[in-house]
Amino acid sequence: MTNTINTSQRKTDVLIIGGGPAGIQASRMLKTEHPEWDVTVLRPESYSMVYCAIPYALEGLISADKTFKKDELLTEVGVNLLRLKAVKVNAEDYTVDLEDGSSISYSKLFICVGATPIRLPVPGADLPNVYTVKTGEDMIRLMGCLNGGQDFCVSDPADEVPEGLKAVVVGAGAIGLEQATAFRARGAEVHLVEMQNRPLPLML
Ligand SMILES: Cc1cc2nc3c(=O)[nH]c(=O)nc-3n(C[C@H](O)[C@H](O)[C@H](O)COP(=O)(O)OP(=O)(O)OC[C@H]3O[C@@H](n4cnc5c(N)ncnc54)[C@H](O)[C@@H]3O)c2cc1C
């Protein structure tokens with residue numbers, strides 16, 4: 001059962017902005033330790049993602065729906081899930097304004113909004129076929145490019161990518177290497193670009 005908040009009385013003991021791993025873990029821990037507390041998670045997306053699984057879905061090793069987390073992770077322990085974006089924190093009066101024009105009051109606030117990919121600060125970075133890899137939308141766009149325009153390419157992992165597909169992956173960190181591996185495994189010609197003199201430069 002999904003726990004929803006009565007919009008006429010938006011008020012919670014603990015408000016957590018962000019439904020990624022940090023928000024999920026914090027809310028579950030708080031609700032488990034303090035069942036009497038009202039704990040609310042704000043998450044604008046209709047699902048939480050297992051980001052680590054995106055490369056496996058792109059490679060066709062798992063189906064895309066395996067990258068989505070179930071809301072029950074939150075609701076089964078009694079956490080309220082509100083599918084809205086926070087647009088302003090009013091710390092002085094302990095409220096957060098929401099994208100639908102309403103607000104919610106809290107006693108404690110956790111900010112677990114994660115990070116967004118850095119877009120390349122170069123001309124052309126906004127052209128079509130230039131992708132970042134973070135969200136479910138990113139994954140679906142990349143699957144579209146791998147599968148000739150269709151959203152999901154994993155129904156038959158043996159499918160070939162469109163003939164002559166070339167991919168340039170900028171950044172040889174862990175995520176870049178995984179993307180390069182996934183595209184290569186799908187048969188694309190892959191070029192990996194790194195400004196340091198080695199892959200995984202922040203680790204090796
Ligand atoms: C392709 C890829 C592969 C990865 N592989 C691995 C791996 O193998 N191992 C590993 O340990 N880590 C991996 N990571 C990193 C890992 O996914 C992140 O470290 C982790 O997701 C961070 O969790 P988080 O909860 O802090 O933030 P996020 O997961 O980014 O979640 C933030 C949440 O906050 C929400 N939010 C943002 N702004 C607002 C707002 N104003 N109002 C309401 N909600 C908001 C977002 O919509 C999102 O739901 C990978 C990441 C990617 C992208």
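Predicted model: local features only at pLDDT ≥ 70, side-chain atom pairs only at ≥ 80, totals over all residues.
Which residues are buried in helix 1?

View 1. Residues are numbered from 1 along each chain as its sequence is written, and side-chain values use heavy atoms, with hydrogens and water left out. Helix 1 covers residues 21-33; helices are DSSP runs of H or I with at least four residues, and strands are runs of E with at least two, numbered from the N terminus. Its buried residues are G23, I24, A26, S27, L30 and K31, where buried means under 20% relative accessible area (1.4 Å probe, protein chains only). They pack against several elements, including strand 1 (11-17), helix 3 (72-75) and strand 8 (103-111); contact here means heavy atoms within 4.5 Å.

View 2. Around the ligand sit 22 residues, the closest being A22, E45, Y51, A86 and K134 (a residue counts if one of its heavy atoms lies within 4 Å). Look for the side chain of E45, with an N or O atom 2.4 Å from a ligand oxygen. A polar side-chain atom of K134 is 2.6 Å from an oxygen atom of the ligand, and a backbone N or O atom of A86 is 2.9 Å from a ligand nitrogen.

**View 3. Q179 in helix 5.** Q179 belongs to helix 5 (residues 174-185) and is buried, at a relative accessible area of 5%. Beyond its neighbours within four places in sequence, Q179 contacts P55, L58, V133 and V169.

Conventions: Expected span 1.5 Å × (residues − 1). Buried < 20%, exposed > 50% of the residue type's maximum accessible area, 1.4 Å probe, protein only. Polar contact = N/O pair within 3.5 Å; in protein donor to acceptor, adjacent residues only side chain to side chain.
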